[in-house]
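Me: I have a structure open and would like to learn how to read some of its features. Could we take them one at a time?
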Amino acid sequence: MFDLIIRNANLPDGRNGIDIGIRDDRIAEVTTRIGATAKEEIDSTGRLVTPPFVDPHFHMDATLSLGLPRMNRSGTLLEGIALWGELRPTLTREALVERALRYCDLAVSQGLLHIRSHVDVSDPRLVTVEALLEVRDSVASYIDLQLVAFPQDGYYRSPGAVEALNRALDMGVDIVGGIPHFERTMSDGAASVEALCRIAAERGLPVDMHCDETDDPMSRHIETLAAQTIRFGLQGRVAGSHLTSMHSMDNYYVSKLIPLMAEARINVIPNPLINIMLQGRHDTYPKRRGLTRVRELMDAGLNVSFGHDCVMDPWYSMGSGDMLEVGHMAIHVAQMAGIEDKRKVFDALTVNSAKTMGLAGYGLEKGCNADLVILQACDPQEALRLKPNRLAVIRRGKVIARTPPRVSELRIDGRPSSVDGSEYAPNFGG
């Protein structure tokens, strides 16, 4: 007897007609046909069943604050930073918690059950830290939330940030963050990377730095981050987020940089939606895309995972909590339109991001956590094309969200009465 059986599932690795048996909070069986019964059964009817989506780079302290204290009229990074500077002194714990919990509701509806959020520690009140720690505890039964101590105004540039970051870690924040390219000088940026990696090594914590989020090809803090990762023995525990300067770097320099990053086992986190919106603003034409070298980094064996970064905040007025929207944009901007390319993009929203976050029990194999999403699509390629409804979201064996299939009614003589976009998938076997 199983508690739940999902029947006739397509899996991301290409297996079709699979049954998944769940007992308690674990996957107990994955096979072509489970003969046993269950307390509950869901027929996925040849739909894609995947592990939950994972967002390894987000700013939950700012999410859903769009319009506070006013709109970002220019839509630029600098005006967004200025707006956050105006809003930050007015933030209250209660308002931060309310917005974050609302976003978590949206995330669950999108099958997003694992999030790493940067938390601004530039305000010495650390109200953002207090609020997000409360949220982390509140959502623990349905979302795994990791927190990064992020000195958003600069570790050395912002008065009191050094002490505030240490206090945030003492309060229970999980990860050491940084933003070296925002320091006053290149040397200050390099010094901040060394100091923050030292803190992480001493405390036994991971590192996740905003790194080289600029069009300047001479912003090369990822080189320093990789070198300090090796120096402090942090291989595999460090993430470099954004890395947009690599888009503009000299090819010969990059040919030396990427092997160094691979040696350090750096986890790379591009943020396609925000990177292409905010970068290249000083260009006329040709205009740079602003996304880092995704294909080259993947080809070199680095673990690349995509982040959403922002949803309706001072920096980005759009966003929906849908990681497939992130992947959809990555396909276009990185020009990854091949069948194998799309599989890699889907992995960058799921298994790669789970590796970046160090998630235990993630996956669709026997013994993994019974966390799954049923999509109104037949395979990863179609999921990325359609950004389909999440028919069911399952957490530890319990259905925690459902969405009806998206079907349009037609009233045209001589044509079908309804249209289901997921039925338009190409039939390669036909």
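Me: Which element gives the largest share of the lining of the largest pocket?
Reply: Rolling a probe the size of a water molecule over the atoms shows where empty space is left. In this predicted model, α1 supplies the largest share of the lining of the largest pocket, with 3 residues.

Me: How much space lies in the largest pocket, and which elements give two or more residues to its lining?
Reply: The largest pocket holds about 760 Å³ of space. Two or more lining residues come from each of α1 (77-87) and α8 (272-278).

Me: How many residues line the largest pocket, and which lie nearest its centre?
Reply: The lining has 34 residues, and L77, L78, I81, H181 and E213 are the ones nearest the centre of the pocket. By residue class, the lining consists of 12 nonpolar, 13 polar and 9 charged residues.

Me: Next, helix packing. At what angle do α2 and α3 pack?
Reply: Helix α2 (residues 93-109) packs against helix α3 (residues 127-138) at about 40 degrees, and their axes are 9 Å apart. Angles under 35 degrees count as roughly parallel. The angle here therefore makes α2 oblique to α3. The crossing of α2 past α3 is right-handed.

Me: Which residues make the contact of α2 with α3?
Reply: From α2 the contact takes R93, L96, V97, A100, L101 and C104, and from α3 it takes V127, T128, E130, A131, E134, V135 and S138. These residues divide into 8 nonpolar, 2 polar and 3 charged.

Me: How are α5 and α6 placed: roughly parallel or roughly antiparallel?
Reply: The axes of α5 and helix α6 (residues 221-231) come within 9 Å of each other and cross at roughly 30 degrees. That angle is why α5 counts as roughly parallel to α6. This crossing is right-handed. On the α5 side, the contact is made by M186, G189, A190, V193, E194, C197 and R198, and on the α6 side by H221, T224, L225, Q228 and R231. The classes here are 5 nonpolar, 4 polar and 3 charged.

Me: What are the angle and the axis separation for α4 and α5?
Reply: Helix α4 (residues 161-171) and helix α5 (residues 186-203) pack at about 25 degrees, with 12 Å between their axes. The two helices are therefore roughly parallel to each other. The crossing of α4 past α5 is right-handed. L165, N166, L169 and D170 of α4 make the contact with L196, I199 and R203 of α5. In this contact there are 4 nonpolar residues, 1 polar and 2 charged.

Me: What is the phi of H242, and in which strand is H242 placed?
Reply: H242 has a positive phi of about 80 degrees, although H242 is not a glycine. Its place is in strand β11 (residues 238-242).

Methods: Residues numbered from 1 in each chain as written. Predicted model: local features only at pLDDT ≥ 70, side-chain atom pairs only at ≥ 80, totals over all residues. Heavy atoms only, no water. 1 Å grid on protein atoms, 1.4 Å probe; cavity = no way out; pocket = protein on both sides within 12 Å on 5 of 7 lines; lining within 4 Å. Points joined across faces, edges and corners; volume = space filled by probe spheres on them. Helix = DSSP H or I, 4+ residues; strand = E, 2+ residues; numbered from the N terminus. Nonpolar A, V, L, I, M, F, W, Y, C, P; charged D, E, K, R; others polar. Axes fitted to C-alpha atoms, helices over the stretch in contact; angles between N-to-C directions. Parallel < 35°, antiparallel > 145°, perpendicular 65-115°, else oblique. Left-handed = near helix turned anticlockwise from the far one by under 90°. Contact = heavy atoms within 4.5 Å.
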